[in-house]
Amino acid sequence: MEKKLVQEMNAQITKEFYSAYLYLSMVAYFDKESLDGCSHWMKMQAQEELIHGMKIFNYLSEIGTPITLGPIDKPNLKFSSVEDVFKKTLAHEKKVTASINNLYDLAQKAKDSATVIFLQWFVTEQIEEEKNPTDILAKLKHIGTQPAGILILDKELATRPQPVVATTASA
Ligand code: FEO
């Protein structure tokens, strides 16, 4: 694999694990607010991020590319409301999308077809990753400041299923 691409693929593992960490900080906020459904939803999101990180880890490992794990930053965001959390989730996912698109460009420029195909999963996944908080923010707009609406949404978010764990790059 081309040198810059190796570096950025490794950096993406760290970014995915940082995402899990960031979402765990949101879980802690929801727990403090006793919003169990929101907390559950965000816990599932954090688990998904670990799966994303492992998917890249497994891919690099399977093709024999050196893996270098970087330090994971401390998540420093503070939260003031459910809407604030999901706005910050969407903003974060937009950054991840830009990072994935950058990886995809690098793989294309390096004519690394296997990595281009591997990254297609992530390009598609990012559509959902941005859609989920966007949909929740739209519902929050309808709810406005009605506490009953927030509690109904909290119940809905409690139903998010457990993500499927990846054991290989293609899983
Ligand atoms: Fe791993 Fe939320 O993107």
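Figure 1. K111 is exposed, at a relative accessible area of 73%. Exposed means over 50% relative accessible area, buried means under 20%, and partly exposed lies in between (1.4 Å probe, protein chains only). K111 sits in the loop between α3 and α4. Its phi is near 55°, a positive value in a residue other than glycine. Most residues other than glycine have a negative phi. The model is predicted: local features need pLDDT of at least 70, side-chain atom pairs count only at pLDDT 80 or more, and totals for chains, interfaces and linings use all residues. Residues are numbered from 1 along each chain as its sequence is written, and side-chain values use heavy atoms, with hydrogens and water left out.

**Figure 2. S34, in the loop between α1 and α2.** S34 is not a glycine, yet its phi is positive, about 55°. S34 is exposed, with a relative accessible area of 55%. Helices here are DSSP runs (H or I, at least four residues), numbered from the N terminus.

Figure 3. Helix α5 spans residues 147-157, and its buried residues are G149, L153, D154 and L157. Seen down the axis of α5, these residues fall within an arc of 145°, so they line one face of the helix. The arc is that of the directions from the helix axis to the C-beta atoms. An α-helix has 3.6 residues a turn, so residues three or four places apart point the same way. What does the face of α5 turned away from its buried side carry? That face has the exposed residues P147, L151, I152 and K155. The buried residues of α5 pack against α2 (36-62), α3 (82-109) and α4 (113-143). Contact means heavy atoms within 4.5 Å.

**Figure 4. D84 in helix α3.** Is D84 buried or exposed? D84 is buried, with a relative accessible area of 15%. Not counting residues up to four places away in sequence, D84 touches K78 and F79.

**Figure 5. Helix α2 against helix α3.** The two axes come within 12 Å and cross at roughly 15°. That makes α2 roughly parallel to α3. Axes are lines fitted to C-alpha atoms, for helices over the stretch in contact, and angles run from 0 to 180 degrees between N-to-C directions. Angles under 35 degrees count as roughly parallel, over 145 as roughly antiparallel, 65 to 115 as roughly perpendicular and the rest as oblique. The crossing of α2 and α3 is left-handed: the near helix is turned anticlockwise from the far one by less than a right angle. C38, W41, M42, Q45 and E49 of α2 meet V82, V85, F86, T89 and E93 of α3. By class, this contact has six nonpolar, two polar and two charged residues. Ala, Val, Leu, Ile, Met, Phe, Trp, Tyr, Cys and Pro count as nonpolar, Asp, Glu, Lys and Arg as charged, and the others, Gly among them, as polar.

**Figure 6. Helix α1 against helix α4.** Helix α1 (residues 3-32) packs on α4 at an angle of about 20°, with the axes 14 Å apart. That makes α1 roughly parallel to α4. The crossing is left-handed. L5, M9 and E16 of α1 contact T115, F118, L119 and F122 of α4. These residues divide into five nonpolar, one polar and one charged.

**Figure 7. Helix α3 against helix α4.** The axes of α3 and α4 come within 9 Å and cross at roughly 165°. That makes α3 roughly antiparallel to α4. α3 passes α4 in a left-handed crossing. The contact of α3 with α4 has 16 nonpolar, eight polar and six charged residues.

Definitions and conventions:
Helix = DSSP H or I, 4+ residues; strand = E, 2+ residues; numbered from the N terminus.
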